[in-house]
Amino acid sequence: METIRVNLGSRSYNIDVQAGGLANIGDWAAAFPVEKKVLVVADENTASLFGEQAAASLQQVGFTVTLAVLPPGEVAKSLAQADVLYARAIVAGLDRNCPILALGGGVVGDLAGFVAATYLRGVPFLQVPTTLLSQVDSSVGGKVAVNHPLGKNLIGAFYQPLGVLIDPQTLLTLPEREFASGMAEVIKYGLIADAEFCRVLAAQAEVIGRRDLQQMAQIVAHCCQMKAAVVERDEQDLGERMLLNFGHTAGHAIEAAGNFERFTHGEGVALGMIVAARLSELQGLVPAGTLQTVRDLVAAYGLPTMATGLNPADLIGFMGSDKKREGSRLRWILLAGLGQAKIQSGINSNQVEEALQAILTVE
């Protein structure tokens, strides 16, 4: 097992990366100072795969388990589904020291965390991410949220978990599309913070695609270490942490334009990274050819590099609702080189529209 510490004073916690750790979820949860009544939140997929095993392990150490099962996909990350979970927590009799445990991917973690942050003004929150995307990104750092029809993650909070348990074996259950979606966030870390990691990802795409458990555990731990270091320095997303949003400005707009159904989050980020790479070229921050490097890396993991049916004006409109804007100016995360990123504001819409052409196919 590898443990990464997220040092945030009284809100510090461990990320435990352990192959087979899901089998011991009960012992792990029981080690925290919580009452033995837990609301486990999963979607239909993770409930069928891991729900019975998790519940049995928790019950074995004395927990009373209420399992709340969500519909799969981004559509579940809504205030309506949050209300369903509030009702389950109330009926189950959860008090302020009873934990909510997220067992699933990023949608499950974001929604369960939002409910944990707001139910009774805050109850203990445990993260057990089961997808690659959630293991390397959304389960770490305390961002919890639900979507609004006008934009992604517009309603949320910063709410750190008591702990995160990552079992790389769960990655073997992912469909290819979901695994690729997670790799978009892995690629992001290389592009913004670690050029050597980026080169490894490019050279070993075929091997990584086989999901060797030891290698995946190392990749997940490395990404968690990078994110933990950034979160420690900027928990509230006021400066450096915004660099982790590389690819997300256009990516969230692409997701919204597809009604949060056409594209997975990782697919939106992949396309968004291509747009940001092109914009970085247009701004003169990186040499010509950077766009192609990013496009090739994204393609190596089976992620989309082009999309049909997207209107530049609509995408720019969705970006206008992005929570990363500063007044009337949108803050972009752009590349300053391979493994380097910077925040850039005040980019005119003509350049943004030109950058969007990098992913739009002519129909």
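1. In this predicted model, D43 stands opposite L70 in β4. A42 has V69 as its bridge partner in β4. Strands and helices are DSSP runs numbered from the N terminus (strands E, at least two residues; helices H or I, at least four).

2. The pairing of β3 (residues 37-43) with β4 is parallel and extends over seven bridges; two strands count as paired if DSSP finds at least two bridges between them. From β3 the chain passes through helix α2 (residues 44-60) to β4 in a right-handed β-α-β crossover. Right-handed denotes a clockwise path from the first strand over the helix to the second, with the strands pointing away from the viewer.

3. These strands belong to an open, mixed sheet of seven strands, ordered β1-β2-β9-β6-β5-β3-β4. Its edge strands, β1 (2-6) and β4 (64-70), each pair on one side only. Neighbouring strands are turned by 15 degrees against each other on average, direction ignored.

4. Helix α4 (residues 106-118) lies across β3, β4, β5 (100-104) and β6 (125-129), at about 170 degrees to β5. Helix α9 (residues 213-233) lies across β1, β2 (13-17) and β9 (163-166), at about 15 degrees to β1. Contact means heavy atoms within 4.5 Å; axes are lines fitted to C-alpha atoms, for helices over the stretch in contact, with angles from 0 to 180 degrees between N-to-C directions.

5. Residues are numbered from 1 along each chain as its sequence is written, and side-chain values use heavy atoms, leaving out hydrogens and water. As the model is predicted, local features need pLDDT of at least 70 and side-chain atom pairs count only at pLDDT 80 or more, whereas totals for chains, interfaces and linings use all residues.
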